[in-house]
Amino acid sequence: MTDILTLNAGSSSLKFGLFELDNPGAEPVAQILGEIDRIGNGPHMRARSAAGAVLSDARLSSEDAADHACALERVLELIARARPGAAIDAVGHRIVHGGPDHAVPVRLTPEVLDALARLEPLAPLHQPHNLAGVRAALAAFPQAVQVACFDTAFHRHHPWVNDTFGLPRAYYDKGVRRYGFHGLSYDYIAGRLTQIAPHLHAGRVIVAHLGNGASMCGMIGGRSIASSMGFSALDGLPMGTRCGQLDPGVVLYLMQHEGMGADEIADLLYRRSGLLGMSGLSHDMRELEAAGTDPANQAIGYFVFRIRRELGGLSAALGGLDALVFCGGIGENSVLIRQKVCEGMGWIGMELDELRNRRGETVISTDLSRVRVLVIPTDEEIVIARAARDMLGQIG
């Protein structure tokens, strides 16, 4: 029996999963899935077994999860209680930014870790915390195989026109280019389409990963052609606290006329904008839908408008559209957002079935809709676990 731990470290959270392999080539089977959120500031730990039993749903003291290393200790304590005797053979990590060179998962070595640390300016909200999770796992499991899985890797085959900016070529050569993110989620959805709708997988598909972080990806034959996110995880759709697409002249204005420095601007664009900034209420779509205030409704309206605008642009990049897939926390759970995105889209061949949408069925378009609309829950953890399994197989 082989045990694989998956870690997905966010800015203030740590998602984790324990998977087992019956034999080296088997599909990883989840035994425990969980998350610690609000690390360092009122942390809360939730975990359940594969059978759905609640293993933890409790607040922790700030000292118990003061940082990612402390949070990992709480994870290991839970695993020891729930699965006595589990021996971690491999740890798979979600790494947001792999730069221009990493198109596949890699084994983490000190040299690789140093190279990834140099990419922190490209993903300041995520990369430092991803690597903090790696360092904590290296200390906890020095003998285990550590594997990095990159959110940018799925997009490394973009055509050049979808990979560049209109800047002097020297900046592209230095790495100032469009990378795209949420690749682990898109990888999973592409794989699921091969199972449930292979004819759609072979065609032109847009996947809308909608959550606190949000982006969209246009695929042909399961390969990324274009993405709404670019150089950083700020671009494209507005998000929970991130601004999304922004005229770069706004940044110049903030510097020259508001007297803001780089750190202040980063805090504004990453942490105080998006749904939170527009609504003045919350970054949580559930709270905005329930609020019913004008600012909340305006924030929702802008979120939907940008999704529809990206839908049109990505359809043009693909040369047409065969299917739209919703995933992510908002995409999978918000009946309202799916309905608003799809309404009035008959011009593109899309017709929503309102009853199927309310029920959250896998296919929520009508039988006559030329463009199929689907809801597919994403699973980044199984993608990470499979990569760790494959790496174990490669090293024997």
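These legends describe close-up views of a predicted model. Local features need pLDDT of at least 70, side-chain atom pairs count only at pLDDT 80 or more, and totals for chains, interfaces and linings use all residues. Residues are numbered from 1 along each chain as its sequence is written, and side-chain values use heavy atoms, leaving out hydrogens and water.

**View 1. The largest nonpolar core has 55 residues.** Such a core is a set of buried Ala, Val, Leu, Ile, Met, Phe, Trp, Tyr and Cys residues joined through side-chain atoms within 4.5 Å. Buried means under 20% relative accessible area (1.4 Å probe, protein chains only). Leu-210, Phe-303 and Met-350 are among the residues with the most contacts inside this core. Helix H11 (residues 294-318) gives the largest share, nine residues. Helices are DSSP runs of H or I, at least four residues; strands are runs of E, at least two; both are numbered from the N terminus.

**View 2. Leu-210 touches Phe-303, Phe-326 and Ile-337, among others.** Contact means heavy atoms within 4.5 Å. Residues up to four places away in sequence are not counted.

**View 3. Five strands form an open, mixed sheet.** The order is S11-S10-S9-S12-S13. Strands pair if DSSP finds at least two bridges between them. S11 (223-227) and S13 (372-375) are the edges. S9 (residues 204-210) and S12 (residues 323-327) run parallel over five bridges. His-209 has Cys-327 in S12 as its bridge partner.

**View 4. Helix H8 (residues 262-271) has buried residues.** They include Ile-265, Leu-268, Leu-269 and Tyr-270. Helix H7 (248-256) is part of what covers the buried residues of H8.

Notes: Buried < 20%, exposed > 50% of the residue type's maximum accessible area, 1.4 Å probe, protein only.
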